[in-house]
Amino acid sequence: MKIFSYIKEKFKLLYNKMVGEEASSSYIARGWAIGMFFGCSIPFGVQLMLSIPCAFILKGSKIGATIGTFITNHFSIFIIYPLQTYGGAKLIGLPLSYDDIKSAMMEVIEKQNYETLLSLGVDIAIAFAVGGLVMALVFTPITYFGVKYLVDKYRAKNEKNNQ
């Protein structure tokens with residue numbers, strides 16, 4: 001059960017980083033939502049190059065925009081990428097099986113380059129993009145309102161305790 005205490009500790013650090021940032025709750029939440037959007041919709045490795053400039057443009061937390069992209073990381077992409085590609089394939093009516101997608105994605109993950117991703121073909125690339133966009137459209141507002149709620153709740157509790 002050591003892994004659970006490790007994960008709990010990491011989430012606690014992440015939470016403290018989020019609520020401890022000195023800015024408005026909407027600014028913090030906007031940054032995290034930006035990071036989540038790019039973390040879901042853009043392939044691993046390019047996300048930060050887009051999320052941080054976008055956070056400057058949209059006036060969101062750069063810390064949140066950075067950490068928010070970590071929805072896709074070295075551990076989660078083994079689950080997220082095949083699922084998002086399979087979901088995208090189903091949405092646009094492509095006859096791709098989950099097993100085919102999973103084996104193709106594992107090759108991309110193993111080699112970690114865009115040549116391998118592009119060699120999979122247009123069907124899988126489109127399915128990946130559609131699935132990622134749908135994930136982003138679902139998780140971005142959830143992230144925004146969830147982070148804003150947590151920050152506001154934390155601050156209200158601290159304000160009450162300091163009175």
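Of the 163 residues of the chain, 37% count as buried, where buried means under 20% relative accessible area, exposed means over 50% and partly exposed lies in between, with a 1.4 Å probe and protein chains only. The model is a predicted one, in which local features need pLDDT of at least 70 and side-chain atom pairs count only at pLDDT 80 or more, while totals for chains, interfaces and linings use all residues. Residues are numbered from 1 along each chain as its sequence is written, and side-chain values use heavy atoms, with hydrogens and water left out.

The chain holds 8 helices and 0 strands, these elements being DSSP runs numbered from the N terminus (helices H or I, at least four residues; strands E, at least two). Its C-alpha trace spans about 60 × 40 × 25 Å along the principal axes. Among contacts with a separation of 6 or more, 71% come from residues 24 or more positions apart, a contact being heavy atoms within 4.5 Å.

Helix α5 (77–92) packs with helix α8 (residues 122–161) at an angle of about 100°, their axes lying 7 Å apart; the axes are lines fitted to C-alpha atoms, for helices over the stretch in contact, and angles run from 0 to 180 degrees between N-to-C directions. The two helices α5 and α8 are therefore roughly perpendicular to each other, a term for angles of 65 to 115 degrees. The residues of this contact between α5 and α8 divide into 12 nonpolar, 5 polar and no charged, with Ala, Val, Leu, Ile, Met, Phe, Trp, Tyr, Cys and Pro counted as nonpolar, Asp, Glu, Lys and Arg as charged, and the others, Gly among them, as polar. I80 and Y81 are among the α5 residues that take part.

I80 and Y81 are also in contact with T72, as are G39, F44, Q47 and I77, when neighbours of T72 within four places in sequence are left aside. T72 sits in the loop between α4 (62–68) and α5, and its side chain reaches the backbone oxygen of G39 at 3.1 Å.

A search of the whole structure finds 1 salt bridge, that is, a side-chain nitrogen of Lys or Arg within 4 Å of a carboxyl oxygen of Asp or Glu. K148 forms a salt bridge with D152, the closest N and O atoms being 3.1 Å apart. Because K148 and D152 are 4 residues apart in helix α8, about one helical turn separates them.

| Residue | Relative accessibility | Class |
|---|---|---|
| T72 | 1% | buried |
| K148 | 25% | partly exposed |
| D152 | 33% | partly exposed |

How values were computed: A polar contact is a pair of N or O atoms within 3.5 Å; within protein, one must be able to donate a hydrogen and the other to accept it, and residues adjacent in sequence count only if both atoms are side-chain atoms. Angles under 35 degrees count as roughly parallel, over 145 as roughly antiparallel, 65 to 115 as roughly perpendicular and the rest as oblique.
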